[in-house]
Amino acid sequence: MSVRYDKLWILLIKNKMKKGELAKAAHLSSHTMTQLNNNRLVSMSVMLRLCKVFHCDIGDLMEVVEDETN
């Protein structure tokens with residue numbers, strides 16, 4: 001299973017926010033931003049800080065998907 005943060009990026013666009021502004025508002029390091037950009041797992045505390053910025057639930061920021069197998 002893996003994660004996708006497409007919902008986060010859609011929220012970012014809807015709020016007319018840049019990734020750098022998000023990093024500052026949620027106190028995210030450049031490493032964490034790279035993890036998010038590459039659909040890698042991040043800590044629960046990161047997800048909660050993002051929820052606080054957007055006043056939303058974790059499910060509004062990400063989705064868990066089955067890995068595609070051939």
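Student: Before we start, what does "buried" mean here, and what does "exposed" mean?
Tutor: A residue is buried when its relative accessible area is under 20%, and exposed when that area is over 50%. Anything in between is partly exposed. Keep in mind that this is a predicted model.

Student: Where does Thr32 sit, and what is it in contact with?
Tutor: Thr32 is part of helix H3. If you skip its neighbours within four places in sequence, its contacts are Val42 and Val46.

Student: Which residues of H3 are buried?
Tutor: Thr32, Met33 and Leu36 are buried in H3. Looking down the axis of H3, you'd find these buried residues within an arc of 100°, so they line one face of the helix.

Student: And what's on the face turned away from that buried side?
Tutor: There you'll find Ser30 and His31 of H3, both exposed.

Student: What do the buried residues of H3 pack against?
Tutor: They pack against H1, H2 and H4.

Student: Let's zoom out. How many helices and strands does the protein chain have?
Tutor: There are 4 helices and 2 strands in the protein chain. Going along the sequence, the pattern reads β-α-α-α-α-β.

Student: What about Lys52, buried or exposed?
Tutor: Lys52 has 66% relative accessibility, and exposed means over 50%, so Lys52 counts as exposed.

Student: How far apart are Lys52 and Thr32?
Tutor: From C-alpha to C-alpha they are 16 Å apart in space, and along the sequence they are 20 residues apart.

Student: Which residue takes a positive phi just after H4?
Tutor: That's His55, with a phi of about 50°. Just after H3, Asn39 also takes a positive phi, about 55°.

Student: New topic: overall shape. What does the radius of gyration say?
Tutor: For 70 residues, a compact globule would have a radius of gyration near 11 Å, and the protein chain has 12 Å, which agrees. The C-alpha trace spans about 40 × 25 × 20 Å along its principal axes.

Student: How much of the protein chain is buried?
Tutor: Of its 70 residues, 31% count as buried. As for the surface, the protein chain exposes about 5000 Å², with carbon and sulfur atoms supplying 52% of that.

Student: What about contacts between residues at least 24 apart?
Tutor: Take the contacts between residues at least 6 apart in sequence: 63% of them join residues at least 24 apart.

Student: Last one: how many positive and negative side chains are there?
Tutor: The protein chain has 10 positive and 8 negative side chains. The centres of the two sets lie 12 Å apart.

Conventions
Residues are numbered from 1 along each chain as its sequence is written. This is a predicted model: local features need pLDDT of at least 70, side-chain atom pairs count only at pLDDT 80 or more; totals for chains, interfaces and linings use all residues. Side-chain values use heavy atoms; hydrogens and water are left out. The radius of gyration is taken over C-alpha atoms; the globule rule is 2.2 Å times the number of residues to the power 0.38. Buried means under 20% relative accessible area, exposed over 50%, partly exposed in between (1.4 Å probe, protein chains only). Contact means heavy atoms within 4.5 Å. Accessible areas come from the Shrake-Rupley method with a 1.4 Å probe; for residues, only the protein chains shown count as cover. Lys and Arg count as positive and Asp and Glu as negative; His and the chain ends are not counted. The place of a charge is taken as NZ of Lys, CZ of Arg, CG of Asp or CD of Glu. The arc is that of the directions from the helix axis to the C-beta atoms.
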